[in-house]
Amino acid sequence: MVGLDVVLQALLSGLFMGSVYALIAIGFTLVFGVTDIVNFAHGHLVMAAMFVTYVLFKSAKLDPYLSLVIVLPLFFGLGALLYVLVIQRIVDAPHSAHMMVTLGVLLLLENLANLLFGGDLRGVTTTYTTSSLVVGPVAVPLARAGAAVVSLLAVGALAVFLRRTALGKAIRAAANNREGAALVGVDVPRVYLISFSLGTMAAALAGAVIVPFSLVSPFVGHEFILKAFVIAVLGGLGSVGGALAGGLLIGFVEALSSLYISASLGNAIVFAILIAVLLYRPWGIFGQAKV
Amino acid sequence: MSALLSVRGVAKRFGGLQALSNVTFGVGDREIVGVIGPNGAGKTTLFNVITGVYAPDSGRVTLRGMDVTGWAPHRICRLGAARTFQIGKPFAALTVLQTVRIGSLNRIADMAGATTHALGVLEQVGLAAKRDVEGRHLTVIERKRLELARALATGPSLLLLDEVAAGLRPPEIQEMIALVRRIAAGGVSVLIIEHVLEAVMRLSARIVVLNYGEVIAEGSPESLVNDPRVIEAYLGEAYSLA
Amino acid sequence: MSARLALGLAALAAAAAAPLVAGQHLLTAFIVALHAAYMALAWNVAAGYAGQFSLGHSLFYGIGAYASTMLYLKLGLTPWAGMFAGAVLAGLVGVALALGVYRYNVRGIFFALVTLGAAEVAKGLADNWDWIKGPVGILLTMKNAPGEFFFLRREPYYYVALAMVVAMILISLRLERSRLGQYFLAVREDEAAAEASGVDTHRAKTVAIGLSAALTAFAGSFYAQFYLYISPDTVLVFEPQLTMMLGTMVGGAGTALGPVLGSVLFSGLGEALRNLPFENTRQVVIGSKLVYAILLIVILIYLPGGLITLGRRSRRA
């Protein structure tokens, strides 16, 4: 029988990872909601940011949190570049083309990383990598807690940005109705560019803050994109609040299923939930049915 | 008059919008009936209910004596009611011949026979020269003709035309009217929704007027032109009633 | 028409003669290319012709691999027969999946996601199923037993793979000229218009998935007999799915020759490079994958119909 402290510990770990997943999924769902593009390379953008952060730490002893001042603008720019060079040209193509082209970007990033770093798992050791704070029956791992706090702050900041700022409102208008937004003067191509860049930056932020406690290889992106896709669908594609709830849910499900059921079934369980949701509530657990 | 199509007490609601309420009318053999009404009156919803895209919330639809309420669209098509779409939905990557032949395959199972049949239909609507052109390369009128041919190829006893004249230039409208007349003369009944009143007034023997999802008038084109209810429904659009 | 037939027969003759001049390494590359072409053509039935963009075909591939292997190991049934049993099983699973998915009107990217999920669930189950040896996988013994689909040399595998591709091309061409194939195209282009043309779209989609699934299973059985090792990590992962998609989309979806062209280019060249005696093979292989990724993006942006459309354009010009 599993003790209560172990369960609490697992729930805490689920909360922390779930927050990071939520941030990754929000980047993905923002891009989909606005541009209607399913970005299969999204998880590999997380991976790319992990490698950049890793290199900055190894070569310049830059702490992953400090490296954000480089990583975030860099990936905003990378997102913009990717959009202009590739994504922009397929916005009006069918979904199958979206999937294949972004799969091409995924393969590009994966093989580039493999060429540069090889396939082995790599990690860094910061001063706080193994530190934890004992609170009652549980130990709070600091690196994970930090990643969760930053992720949640970023999710909050994004939500405020989308609701309060003029640009944020333009993004939401374009997501709701592209033609309508264009008619009332929204510069739709610019909004698409910015949304894609923001989505990429969200992936990069998540990638950077998990470096202190995660190992990176060219192949870790697959795990992230699967989770992001599932979370985005659970939350209702395009919904920021839904993605947050979905991220936490998947974090908990993952933590608890590794506790009670075989860890190798974790993905299967996540997908079984996903299939059930898609069949019965295709607009997501937390989304609303469209009339 | 034996009823080919009969719609009785049909209602359909979308969320807070009552798109159709208690709609009752019929189409007889070899008859051309028009459905008119201002934008949002429920014309296209009515078509969608008749052709099985939506099941009505209440009421019955019978076709050739069979109760088809709630049937899937392809079954209704096979029983003999074929519709065109308001916004022409050509199979973008398929040729004109392929598109029409898919309709023909409904009645003729072998490809050679269906091809011959489809070519005959293309001849009838004046698209034979375009047989190998892909749907996406067609002009507006060609798309409308293709829609007509696709529906006609399924061998219907009732043809439902959704805005076949909309978006056409006046001479093209004349061509379309003549074409529909020829088809009807071949023994096919026609139910026609039309925003271009000229077309529907000239084609139809009888017209059903919809407003806010209800039948507000029914009768010959002549009797309706001066009907105050019809004029009121079209208020603001009355100029087009000429 | 007869010119095309002559060209086809010439290509077939050249392919049949290839083992006479090719060494074992090159022959392996040919087999990999043919195997990829077959898989791509099988996926193409659902994705290319009927527009049902499944991302879960690894499931059917895995069923084929495990069915023929388990029937051989447990019942002594020759894989020549076992592969047909696998195809039937995969076809049934495909039909069941399609019925569920279409019953709830799951379309587009959601369809892609559900099928991907189905394959992931299957992998999770396979990893935890002791009877099929879980994640450890199953090793078949190398031997010479033609009656049981085991050969010591590569040539027989090559001819089997070639026969499979030829059969699959013929099936595709037959499909293109059949009522069912026309219905597939109608469903792909526009479901509402297809229904309005009298096409039972649910039925057409279900048949497309079932047929494509059954055909894909044969590839899984071939994989097991050729590599003599299967595990959830080799046959139930995204890799086979990726092979099918790359070949089909690069060559030209919804055509009988496009997937062959794309597969030969992508999978065949990759395998050939892997076996060339470079000083740093690893870098060359990864580098070539990098080039492929860029090619994939460029081709899909500028030639959305695939490489096969190049040939068509020049023929018209």
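**Chains C and B.** I looked up which residues meet between chain C and chain B: 16 residues of chain C are in contact with 23 residues of chain B. I count two residues as in contact if their C-beta atoms, placed from the backbone, lie within 7 Å. On the chain C side, helix H7 (179-189) and helix H8 (191-196) each give two or more residues. I noted that H7(C) gives the most, with five residues. By class, this side of chain C has six nonpolar, four polar and six charged residues. For the classes, I take Ala, Val, Leu, Ile, Met, Phe, Trp, Tyr, Cys and Pro as nonpolar, Asp, Glu, Lys and Arg as charged, and the others, Gly among them, as polar. Helices (H or I, at least four residues) and strands (E, at least two) are DSSP runs, numbered from the N terminus.

**Ground rules.** This is a predicted model, in which local features need pLDDT of at least 70 and side-chain atom pairs count only at pLDDT 80 or more, while totals for chains, interfaces and linings use all residues. Residues are numbered from 1 along each chain as its sequence is written, and chains are lettered from A and ligands numbered from 1 in the order in which they are written.

**Chains A and C.** Next I checked chain A against chain C and found 33 residues of chain A in contact with 33 residues of chain C. Helices H4 (95-117), H9 (221-234) and H11 (266-280) of chain A each supply at least two residues of the chain A side. The largest share, 14 residues, comes from H4(A). I read the classes on this side of chain A as 24 nonpolar, eight polar and one charged.

I found eleven helices and two strands in chain A. Along the sequence they follow the pattern α-α-α-α-β-β-α-α-α-α-α-α-α. The C-alpha trace of chain A spans about 60 × 45 × 35 Å along its principal axes. Among contacts in chain A between residues at least 6 apart in sequence, 78% join residues at least 24 apart.

**Sheet in chain B.** I traced an open sheet of four strands in chain B, with the order S2-S1-S4-S5 and antiparallel pairing. Strands S2 (17-28) and S5 (66-67) of chain B stand at the edges with a single partner strand each, so one side of each is left without a neighbour in the sheet. Two strands pair if DSSP finds at least two bridges between them. Two bridges join strand S4 (residues 58-63) of chain B to S5(B). I also noted that B:Leu63 has B:Met66 in S5(B) as its bridge partner.
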